[in-house]
Amino acid sequence: AYPAAVVDTMAEQGATTFAGVPSTYAILASRTDFLVRPLPALRCLTQAGGGMAPSLVRRVKEAFAGRARLFVMYGQTEASARLSWVPPDELERKLGSIGIGIPGVELSVRRPDGGDCEVDEVGEVVARGDNIMRGYWNAPEETALVLTPAGDLLTGDLGKRDEDGYIYLVDRVKNMIKAGANRVSAKEIEDAIAEVPGVEQVCVVGVPDELLGEAIEAHVVRVPGAEVTERGIMTHLHERLALFKLPKIVHFRDSLPKNSAGKILRSNLKKPML
């Protein structure tokens with residue numbers, strides 16, 4: 001609600017570490033002097049709570065080069081609560097990756113039959129480690145949906161690994177959009193829209209459509225004062241994506257619905273706009 005006060009407090013109190021989710025960084029980068037304010041005590045920045053657009057990762061990393069290191073992380077509550085990280089020195093080379101397992105965690109990408117995927121083959125990200133939960137409290141049926149008999153965690157995220165073992169997420173399984181005969185990653189479209197100058201935040205969802213089954217809709221928050229248009233976004237997407245991945249419509253909003261942790265409530269955006 002008061003992004004400038006956040007930066008002022010960091011400066012006044014000599015904050016040494018700052019943690020945020022993607023929307024935190026997007027708002028601070030577009031509505032405050034966070035990226036250019038001298039913060040001499042700041043040593044590191046951490047980001048988790050959802051995938052941050054590669055364009056924003058690069059922007060934050062470059063802004064704090066020589067001042068503070070950015071740690072991009074990935075995790076789930078069921079893993080209390082981190083699973084992977086990208087070493088800061090590898091951020092540029094592995095831009096867009098969630099990294100490698102933290103100490104004590106083994107990550108793999110598996111096919112539906114449980115076999116390991118090859119390099120660049122898309123499958124479900126699976127985690128093994130002592131930090132994985134034993135199960136949901138008094139909910140054995142729900143537990144069986146996410147834990148294998150061996151206790152491995154089925155994250156529900158689709159991803160692929162490169163030749164160095166770094167993992168790149170494609171999307172949440174439940175966020176994949178079934179548009180006609182095609183399965184489309186909402187994250188891929190979001191990352192492309194986030195590249196458009198003047199876009200502060202974006203969320204892409206699939207909504208019911210009589211012809212396609214699901215139609216792609218984009219919800220965009222503009223940087224205050226920015227002249228971002230639907231035509232400008234679509235022109236950019238035409239250069240970046242296949243035609244079947246283009247949104248049917250772009251909604252411009254003053255804000256996106258979020259929970260108390262700052263995560264975007266995607267399900268709320270699937271409801272008809274009034």
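**Close-up views of the packed interior**

**View 1. Phe 18 and Phe 34 form a tilted aromatic pair.** Phe 18 and Phe 34 are both buried. Please keep in mind that this is a predicted model. The two ring centres lie 5.6 Å apart with the planes at 50°, so the pair counts as tilted. Distant parts of the chain are linked here: Phe 18 belongs to strand β1 (residues 17-20), while Phe 34 sits in the loop between α2 and β2, 16 residues apart. Together with Tyr 25 and Phe 64, these two residues make up one aromatic cluster.

**View 2. Phe 71 and Trp 85 are stacked.** Here the ring planes meet at 15° and the centres are 6.2 Å apart, so this pair is a stacked one. Strand β3 supplies Phe 71 and strand β4 (residues 84-86) supplies Trp 85. Phe 71 is buried, at 16% relative accessible area, whereas Trp 85 is partly exposed, at 27%.

**View 3. The largest nonpolar core has 22 residues.** Tyr 25, Phe 34, Leu 45 and Phe 64 touch the most other members. Two or more residues come from each of α1 (3-13), α2 (22-31), α3 (54-63) and β3 (69-74), and α2 gives the most, with four. Beyond its sequence neighbours within four places, Tyr 25 has contacts that include Phe 18, Leu 45, Met 52 and Leu 70.

**View 4. Arg 222 meets Phe 252.** The charged end of Arg 222 sits over the ring of Phe 252, 3.9 Å from the ring's centre.

Conventions: Residues are numbered from 1 along each chain as its sequence is written. This is a predicted model: local features need pLDDT of at least 70, side-chain atom pairs count only at pLDDT 80 or more; totals for chains, interfaces and linings use all residues. Side-chain values use heavy atoms; hydrogens and water are left out. A nonpolar core is a set of buried Ala, Val, Leu, Ile, Met, Phe, Trp, Tyr and Cys residues joined through side-chain atoms within 4.5 Å. Buried means under 20% relative accessible area, exposed over 50%, partly exposed in between (1.4 Å probe, protein chains only). Contact means heavy atoms within 4.5 Å. Rings of Phe, Tyr and Trp (its six-membered ring) pair if their centres lie within 6.5 Å; planes under 30 degrees apart count as stacked, over 60 as edge-to-face and the rest as tilted. A charge sits over a ring if NZ of Lys or CZ of Arg is within 6 Å of the ring centre and within 35 degrees of the ring normal.
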